[in-house]
Amino acid sequence: MKDLTCIIIGGGYAGLAALKAIKKKFRGMEKKGRRIRFVLIDKQPGHLRKLRLFRPTTAEEEIMIPWKQLLLEGFEFVQGTVTSVNSRGKRIRYTNAIGNEARICYDLLVVAVGSTVRRLNAEQGGIALIEPQAAEDIREHWRTNLRKAVDERDPEERKRLMTITVAGAGISGIETSAELALAMRKEAATLRLNSADISVYLLNAQERLPPEGAEKVGRKLDQKLSQCGVTVLHNRKAMREETGIVMLNNGDYLAAGLCIWTIGLMPNPVLQGMGLPLTTEGQVLVDECYRVQGMPDVYSIGDCARIIDPRTDKADQMTCLEAGMQGIRLGKIVMADLEDRPAPIHKSVKSNMDYFNIGLGQNGFFWIRKWGLDMTMTGKVPGKIKNLVEDYASMLR
Ligand SMILES: Cc1cc2nc3c(=O)[nH]c(=O)nc-3n(C[C@H](O)[C@H](O)[C@H](O)COP(=O)(O)OP(=O)(O)OC[C@H]3O[C@@H](n4cnc5c(N)ncnc54)[C@H](O)[C@@H]3O)c2cc1C
């Protein structure tokens with residue numbers, strides 16, 4: 001029997017979960033003598049812990065983990081940026097780490113190239129929290145501003161240097177603003193500045209936080225953020241930042257030493273040229289078993305795919321949990337397809353409950369809604385659980 005090559009494009013949370021699940025399911029086939037080669041292709045030299053992208057905004061932390069340090073073995077890693085998929089020829093084209101064009105053939109292909117942080121436009125100013133380098137730039141920026149504030153005689157300018165605006169109040173905006181407020185207050189005290197002068201504004205385009213939770217959950221989250229030193233401005237959007245002034249949608253402005261953009265995710269733009277069928281928003285079109293439409297043996301999961309629960313007609317969101325669950329299910333689907341039996345279909349993890357766990361410095365804010373009841377837990381325990389879940393999702397040793 002012919003050996004199989006299974007290629008996974010993208011070693012984010014979805015790609016890693018898929019690789020692990022498919023490998024596990026194939027163990028039985030390998031025992032019967034069928035050889036399967038697993039290849040992970042990623043443009044980066046390691047797994048990027050996206051959930052922790054905000055952490056280097058306040059402290060040095062390595063969030064790119066070399067593939068060999070993960071709890072996953074038995075695969076080849078190819079560093080390359082995949083540019084297209086040729087489903088007729090069953091091969092993909094990529095640009096390797098030294099910039100050369102290369103091709104590789106597959107029998108099974110999983111496309112999990114994820115998403116990128118949305119940007120308004122080139123003139124928006126500020127820094128968008130897109131990648132680890134942006135997080136380091138943010139850290140450098142506010143620390144320089146605080147050092148300047150020490151010698152600043154003009155109280156208004158000093159206040160501006162001690163102010164940050166975070167535009168976008170999704171999970172990443174909330175976590176980033178809390179982390180920054182706590183770290184800036186600490187640094188201000190070290191520099192003998194008045195830490196009460198530190199202002200971190202979180203701009204929320206919606207009426208309250210979080211839109212999916214109950215009103216009282218939102219109030220509690222506001223209160224916890226305020227304890228960290230974050231002021232949430234609801235119904236406010238940043239339009240652009242120019243020379244230290246952040247213009248808001250209602251005509252007001254905020255004088256801020258730095259504006260950070262965390263305005264949500266969009267499907268990876270590389271998909272536009274890859275030759276896969278896409279929705280108008282740019283996500284890969286798949287069926288309820290993650291099979292890419294019109295492309296045999298090609299599957300797509302994670303942030304880059306439009307995955308709909310056929311029971312509720314609702315699309316999965318771009319979250320790590322949903323990406324991971326899709327990866328786990330894909331192992332069963334691929335096996336069923338190979339054995340020509342009915343495959344399990346997608347079921348949203350949020351179909352009968354809703355929840356989130358948000359990090360607020362060392363603490364956390366956990367919310368779950370089940371049977372119409374809202375339950376929350378705050379403090380160190382949800383913070384620790386979040387860290388453990390993140391380590392698990394990144395398959396750390
Ligand atoms: C700052 C921030 C905070 C977040 N916080 C949370 C949170 O608290 N909870 C939560 O559930 N979700 C959170 N998310 C969303 C979560 O990170 C995503 O839903 C999750 O990363 C999706 O996983 P993925 O594997 O589909 O994509 P990604 O994690 O984006 O991984 C895609 C992988 O594909 C690789 N790749 C991309 N293009 C190519 C190419 N052309 N060729 C080869 N490789 C390629 C990338 O290098 C990457 O390794 C956050 C996102 C951000 C940005």
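## A pair of strands to start with

Let's begin with two neighbours: β5 and strand β6 (residues 91–96) pair in the antiparallel sense, with six bridges between them. One of these pairs you can look up yourself is V82, whose bridge partner in β6 is Y94. Keep in mind as you explore that this is a predicted model.

Where do β5 and β6 sit in the order of the open sheet? The sheet has seven strands in the order β7-β6-β5-β2-β1-β8-β20, and its pairing is mixed. At the edges stand β7 (101–105) and β20 (298–300); each has a single partner strand, so one side of each is left without a neighbour in the sheet. On average, neighbouring strands here are turned by 35° against each other, direction ignored.

α1 lies across β1 (4–9), β2 and β8 (108–111), and runs at about 175° to β2.

## A sheet of three strands

Now look for another open sheet, made of three strands in the order β14-β15-β16, with antiparallel pairing. Its edges are β14 (238–242) and β16 (253–255), each with a single partner strand, so one side of each has no neighbour in the sheet. Neighbouring strands of this sheet are turned by 20° against each other on average, direction ignored.

Strand β15 (residues 245–248) is joined to β16 by three bridges in the antiparallel sense. Here V246 has L254 of β16 as its bridge partner.

## Two hairpins in a row

L360 finds its bridge partner in N363 of β25. The two strands form a hairpin with two residues between them, and G361 in the turn has a positive phi of about 65°.

β25 also runs antiparallel to strand β26 (residues 373–379), again with seven bridges. In this case K370 is partnered by L373 of β26. Which residue takes a positive phi in the hairpin of β25 and β26? That is W371, with a phi near 50°, and this hairpin has two residues between the strands.

## Two helices that cross

Two packed helices are described by the angle between their axes and the distance between the axes. For helix α2 (residues 132–151) and helix α4 (residues 171–190), the axes come within 11 Å and cross at roughly 35°. The crossing of α2 past α4 is right-handed.

On the α2 side, W142, R143 and L146 make the contact, while α4 contributes L180, M184, E187 and A188. By class, these residues are five nonpolar, no polar and two charged.

The domain assignment divides the chain into domain 1 (4–117 + 266–338) and domain 2 (122–263). Their C-alpha centres lie 34 Å apart. Nine residues of domain 1 are in contact with 15 residues of domain 2, and the side of domain 1 that touches domain 2 has six nonpolar, three polar and no charged residues.

Why does the ligand lie between the domains? Domain 1 and domain 2 both give residues to the shell around the ligand, so it lies between them. Of the 35 residues around the ligand, the nearest are G10, G12, G114, G302 and T319. Elements that each supply at least two residues of the shell include α1 (13–31), β2 (36–42), β5 (76–86) and α6 (320–338). The shell has 19 nonpolar, 12 polar and four charged residues.

Notes. Residues are numbered from 1 along each chain as its sequence is written. This is a predicted model: local features need pLDDT of at least 70, side-chain atom pairs count only at pLDDT 80 or more; totals for chains, interfaces and linings use all residues. Axes are lines fitted to C-alpha atoms, for helices over the stretch in contact, and angles run from 0 to 180 degrees between N-to-C directions. Helices (H or I, at least four residues) and strands (E, at least two) are DSSP runs, numbered from the N terminus. A crossing is left-handed if the near helix is turned anticlockwise from the far one by less than a right angle, and right-handed if clockwise. Two residues are in contact if their C-beta atoms, placed from the backbone, lie within 7 Å. Ala, Val, Leu, Ile, Met, Phe, Trp, Tyr, Cys and Pro count as nonpolar, Asp, Glu, Lys and Arg as charged, and the others, Gly among them, as polar. A residue is near a molecule or strand if its C-beta atom, placed from the backbone, lies within 6 Å of it. Domain bounds come from an automatic or database domain assignment. Two strands pair if DSSP finds at least two bridges between them.
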